[in-house]
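Here is a walk through one protein chain and its ligands. Keep the viewer open and follow along, beginning with a single helix.

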Amino acid sequence: MPHFILDGKEIQFIQGQTIIEAAAKVGIDIPHFCWHPSLTVSGNCRVCLVEIEKMPKLAIACSTLASDGMVVNTNSVKALSARNAVMEFLLINHPLDCPICDEAGECKLQDYAFDHSVGESRFVENKVHKEKRVSLGTHVMFDGERCISCSRCIRFCDEIAGVNELTFINRGDKVTIDTFPGKELSNPYSLCVTDICPVGALTSKDFRFKSRVWDMSSTKTICSGCSRGCNVEMWVRNNEILRLTPRYNEEVNSYWMCDEGRLNTFKSVNADIRVNGPHIKRDGTLVKAGWDEVFALATSELKSYNKSEIAVLGSAFATCEENFVLAKFAKSVLGIKNIDFAKHEKPNSGDDILIRDDKSPNSFGAELAGIHPLKDGLNFQNIMRAIDEKKIKALYLVEDDLVSLDEDYKKILSKLELFIVHSSNFNSTTELADIVFPAATYAEKNGTWINFQGRIQKLLPAVMTVEMDRSLDGMAMSRLDKFGTEFDRWGKSKKMNARPIWKIITSLANALGTKYKYQTSEEIFDEMSKTIDLFKGLDYQRVGELGVKLNVTTLAKVKV
Ligand code: SF4
Ligand code: SF4
């Protein structure tokens, strides 16, 4: 394999790779602003200037192809002095308003100013002032003074989102970015420009001024917005989720995520309508009850129906482990055949970039974990019909707001004699329930989802529940400990009295006389890897941060 020398180190490369690309592949970061591995090269920031032996002038590493035997220096006197000069030039008109800038703490300009600039400016003239608060679209604010004209945002819109929304206007030190006349920055991925803007020029209207980045913890997890399962970082302060940002996974979402997933998936975790503790219906109203009381009631009520009168609905929002335990409970404890889950397809809402029509994160996983009708059992549509005809009298539903799918279900579900629901939030479906178990959200539990590609991916808890105080392993606790206060400014606990679905079902199965011994979702995963063909050979640790693809050939044969 051809190789070149970078700062005395041998770097192998593939023909056609630039110096910066080849270095990045082996984890060496050559300073850069405008270069991005997923965008075309523009070569305008000049920070990646390097000295190449036998070349008369410095060259930019982002557009110079690596060649066999080349000797490259990023830290020679000439390269360092050029980088210092570029930094001095970039900072001439920069407002240096780091103390009030949202990007502080994760700003390339700030980092490079520390590492590569001389620490003071020789510029004594007046700085050029530009507009500081320009709304570019529904979600993004622009600060013209902070912009270093790297063009990453323009290239993102053109090349990834596939829309020409942004462009440069004016010249020289008056240059700035703007939307094309009559257009807004309104593509479904618009907030990705805030991730790739190397400075604080583009900020999210939703997140700006909410928190300094160093006051938050971040957890590697998965977006719940559709069956793509974009890899994300979940950012939390004081047990409250403040933002999601995309996490690189070339197989799933590359560096990107959509605005809908970024803005509208996590807010239900922070919502005021969370189900905090078990509830039972008394005199037509749901009221709080103790766990033991609710388990006793659910047990005696479930025992009072014939098997053919009960149906169980799993969920494409619950984890594989939760659906697995639910399916096992339905089959071997309740002894029923009417098991299924509701699909959340929105035809033609997806695109060719990331967004999928299936608005649930785990329909593959629910099916694989055993949530489907047994022989002679009813599927979802027939279960609803049987409830309408009063043949099914008791329904056990986990983590799904059926009424939000179809208003007509309200009338049908109100015909039930017994309706048990696991839900994280109160909604139009829980209003109809007799018993509501408080479900931990995807941000409060461990587990796995399987995306539309058949990739099994891990969720990790980023927000604490009351339960987790006692049950988390040491590693997770140490990550969560630093959240600081667990109380909001009114002194109300921010930790929900909620449990993962598998845990509640384990208690219920035990109350019904079957001994389930699950202590962690990992133990359930182990059992799945012994009993489900596609999971064979997998272990929880191997799933890792980027997930593992299941055998797709076999997967295609699975009925979905
Ligand atoms: S707004 Fe940010 S990403 Fe866009 S050109 Fe300016 S510095 Fe680059
Ligand atoms: S494409 Fe789907 S999974 Fe990805 S961020 Fe959007 S909603 Fe979430």
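Which residues of α2 are buried? They are Ala-79, Arg-83, Val-86 and Leu-90. These residues cover an arc of only 60 degrees around the axis, and therefore they sit on the same side of α2. The general rule behind such spacing is simple: an α-helix has 3.6 residues a turn, so residues three or four places apart point the same way. Now turn to the face of α2 directed away from its buried side. There you find the exposed residues Val-77 and Phe-89.

Next, move to Val-118, in the loop between α3 and β6 (134-135). Neighbours within four places in sequence aside, Val-118 is in contact with Asn-84 and Glu-88. Val-118 counts as partly exposed because 13 other C-beta atoms lie within 10 Å, while a buried residue needs 20 or more and an exposed one has 12 or fewer. From here, look across to Phe-452. Val-118 and Phe-452 are 334 residues apart in sequence, and their C-alpha atoms are 51 Å apart in space.

Now the ligands. Ligand 1 is surrounded by 13 residues, and the closest are Cys-147, Cys-150, Cys-153, Cys-197 and Ala-201. By class, its shell holds 10 nonpolar, two polar and one charged residues. Ligand 2 also has 13 residues around it. Here the closest are Cys-223, Gly-225, Cys-226, Cys-230 and Gly-261. The shell of ligand 2 divides into seven nonpolar, four polar and two charged residues.

Zoom out to the chain. Its secondary structure comes to 19 helices and 23 strands. The C-alpha trace spans about 85 × 55 × 45 Å along its principal axes. Of the 560 residues, 44% count as buried. Among contacts with a separation of 6 or more, 66% join residues 24 or more positions apart.

How far does the confidence go? The chain averages a pLDDT of 93, and 94% of the residues score at least 70. Over residues 473-492, however, the pLDDT is below 50. Beyond near neighbours in sequence, this stretch has 22 contacts in the model. Where pLDDT is low, the predicted coordinates should not be read in detail.

Terms used: Residues numbered from 1 in each chain as written. Chains lettered and ligands numbered in written order. Predicted model: local features only at pLDDT ≥ 70, side-chain atom pairs only at ≥ 80, totals over all residues. Near = placed C-beta within 6 Å. Nonpolar A, V, L, I, M, F, W, Y, C, P; charged D, E, K, R; others polar. Helix = DSSP H or I, 4+ residues; strand = E, 2+ residues; numbered from the N terminus. Arc of directions from axis to C-beta. pLDDT = per-residue confidence, 0-100. Contact = placed C-beta atoms within 7 Å.
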